[in-house]
Amino acid sequence: MSAEPGVNVELYSRAGFGGPFTTIIRAQYLPDFIRAEGTYLPRRFQTWELGDDTFVGTRALPVPILTGEGLAIEVNRLSAPPAHALKNAESDELHFVVDGGGELDTMVGVLQVRAGDFVRIPRGIAYRWNSLTGPLHEVIITTESEITLDPENAPGSFNPDLHLDVAKPHGRPGGPVDGEYEVIYRHHDGLTSYFFDHDPLPCLDVKGAPPVIRLNIEDVHGLSVDRGGLQPARLFGSVGDRDLVFGINSRRSDRPPVHHNVDYDEVICYAAGPTPWGAIDTPGTVTWVPKGVFHQGPEEDVQPGYKAWLLETRVNLTSTPVGRKISQIMETNQFGVHPSDERAPVSV
Ligand SMILES: [Fe+2]
C-alpha cells in the first residue's frame, strides 16, 4: 500500500546513514512486491520459538540464526546458570537481554544485568552466569571486528558518565572447587575446554580501560524533530564502521522513506512495548533486510512508545537452517509476514 499513491520518495544511500544520498521519485510502491524466489529475502525471526530444550545440556551454547564472514546473530536462552564459563576467542560479543537477568561473572569482575541491557564482552574475556533472576532470553551479536562504545546523536539522554556500568573487580582470590572448573573457548573451528581445580574467574583488581561494559536501552533517547527525518542514536561501532548499533526507540520523526541501504544489512530487534512498532509487537522479534532490498519500515512516532535497536553491518548475512525454521518472509512496508509465506514458524 502506498503512503501517497502516485508519488513515492525513495532514498538510495551509500554508507548507510553516511551518504551520499540519491532521492528517486517513483509512481510505484516497491515494498508491495507480490512474491520472491530464492534465498535473498527479508525475514522476521520469532526468537522465542527456539524451544527451551534447544539449550538444555552441559554446554547450552547460544544458537546462531544469521551468520556471515566474521559476524553472527545468536539467540541464547537459559533457565539455570550453566556450570562452565565461556570465552569467545575470536569475536567480541554484544549481548542484549530481552528478558530475565542476573549476576554475570567475568574474569574482570561482576555485573548485575537486567532486561533491556546491552553488555559488551570483548574477545578473550571469560564469563558465566552466577545466578539468574528468571529465565534468560538474549539476542547476541558476535563480531570479529572490535566493538567500541561510540555514542552519537543522543546528547542529553544517554550519557556514558551517568548510564554506563562496568564490571566490578571481585577483590578476592578464586577458591577451590568441587571437581573441575571448565572454561570453554569458542573458536572458528570448534570448542576447546580448559579445566582447573580452582575458580579461574575472580580477580583482585583491574586497572585501565574497562573491557566489560553495560548500558540499558531505557536510557537511550534519540533526537526528535517536528519535521523531517533524523539519524537515530548511535551507540556502538566497530573498526572502519563495519558494524554499527543504533537505538531506534520510538521518537518524533517522519516515517522513513522507501530506502535502498545498499552497503549494510539491517537487523532490528524489537525489545519492549507497550506499543507495537508497525506489525511487530513481541519482544525478541528480530527483522532482517539484506543490503539493497527496498524497504520502508514502520512509523517510529508512536505513543506511549516502544524500545528497539538496529544493527547495520557490511557483512553479507545468511539465515542459518535454525533461523529459517523460526522465521518467515517479511513484507517491507510494516514488517509483517509476507502474504506469500503461509508457513507458520516451527518450534525447534
Ligand atoms: Fe532501513
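**Sheets and the metal site**

Reply: Start with an open sheet of three strands, in the order β2-β1-β18 with mixed pairing. Keep in mind that this is a predicted model.

Me: Which strands are at the edges of that sheet?

Reply: β2 (21-26) and β18 are the edge strands, and each pairs on one side only. From one strand to the next, the twist averages 20°.

Me: How do β1 and β18 pair, parallel or antiparallel?

Reply: Parallel. Strand β1 (residues 8-13) and β18 share four bridges. Glu10 stands opposite Val258 in β18.

Me: On to the metal. What coordinates the iron ion?

Reply: His259 through NE2, Glu266 through two OE entries, and His295 through NE2. The distances are 2.0 to 2.5 Å.

Me: What spacing do the donors follow along the chain?

Reply: H-x6-E-x28-H. His259 lies in strand β18 (residues 258-261), while His295 is in the loop between β20 (285-289) and β21 (307-313), so the pair ties together parts that are 36 residues apart in sequence.

Me: And what is the geometry of the site of the iron ion?

Reply: Irregular. The angles among the four donor atoms run from 57 to 164°. Four donors count as tetrahedral only if all angles lie between 85 and 135 degrees.

Me: Is His259 buried or exposed?

Reply: His259 counts as buried, because its relative accessibility is 14% and the cut-off for buried is under 20%. His295 is buried too, with a relative accessible area of 2%.

Me: New topic. What does β4 pair with?

Reply: Strand β4 (residues 63-68) pairs with strand β5 (residues 71-78), antiparallel, over five bridges. Pro64 stands opposite Glu74 in β5. β4 is also joined to strand β22 (residues 318-319) by two bridges, again antiparallel. There, Thr67 has Thr318 as its bridge partner.

Me: Which residue takes a positive phi in the hairpin of β4 and β5?

Reply: Gly70, with a phi near 85°. That hairpin has two residues between the strands.

Me: What about Asn88? Where does Asn88 lie?

Reply: In strand β6 (residues 85-88). Asn88 counts as buried, at 7% relative accessibility.

Me: What does the side chain of Asn88 make a polar contact with?

Reply: The side chain of Glu93, at 3.0 Å. A polar atom of the Asn88 side chain also lies 3.2 Å from the backbone nitrogen of Glu90.

Me: And which residues is Asn88 in contact with, leaving aside neighbours within four places in sequence?

Reply: Glu93, Arg123, Gly124, Thr142 and Arg186.

Me: Now β7. How many of its residues are buried?

Reply: 13 of 15, so strand β7 (residues 92-106) is mostly covered, taking buried as under 20% relative accessible area.

Me: Which strands are joined to β7?

Reply: Strand β10 (residues 127-143) pairs with β7 over 13 bridges, antiparallel. Val97 stands opposite Glu138 there. Strand β9 (residues 117-121) is joined to β7 by four bridges, also antiparallel. In β9, Arg120 is the bridge partner of Leu94. Strand β8 (residues 109-113) runs antiparallel to β7, with five bridges.

Me: What do β7 and β8 form?

Reply: A hairpin, with two residues between the strands. Thr106 stands opposite Gly109 in β8.

Conventions
Residues numbered from 1 in each chain as written. Predicted model: local features only at pLDDT ≥ 70, side-chain atom pairs only at ≥ 80, totals over all residues. Heavy atoms only, no water. Donors = N, O, S within 2.8 Å, 3.2 Å for Na, K, Ca; no water. Tetrahedral: all angles 85-135°; square planar, octahedral: opposite > 155°, others 65-115°. Buried < 20%, exposed > 50% of the residue type's maximum accessible area, 1.4 Å probe, protein only. Pairing = 2+ DSSP bridges. Axes fitted to C-alpha atoms, helices over the stretch in contact; angles between N-to-C directions. Polar contact = N/O pair within 3.5 Å; in protein donor to acceptor, adjacent residues only side chain to side chain. Contact = heavy atoms within 4.5 Å.
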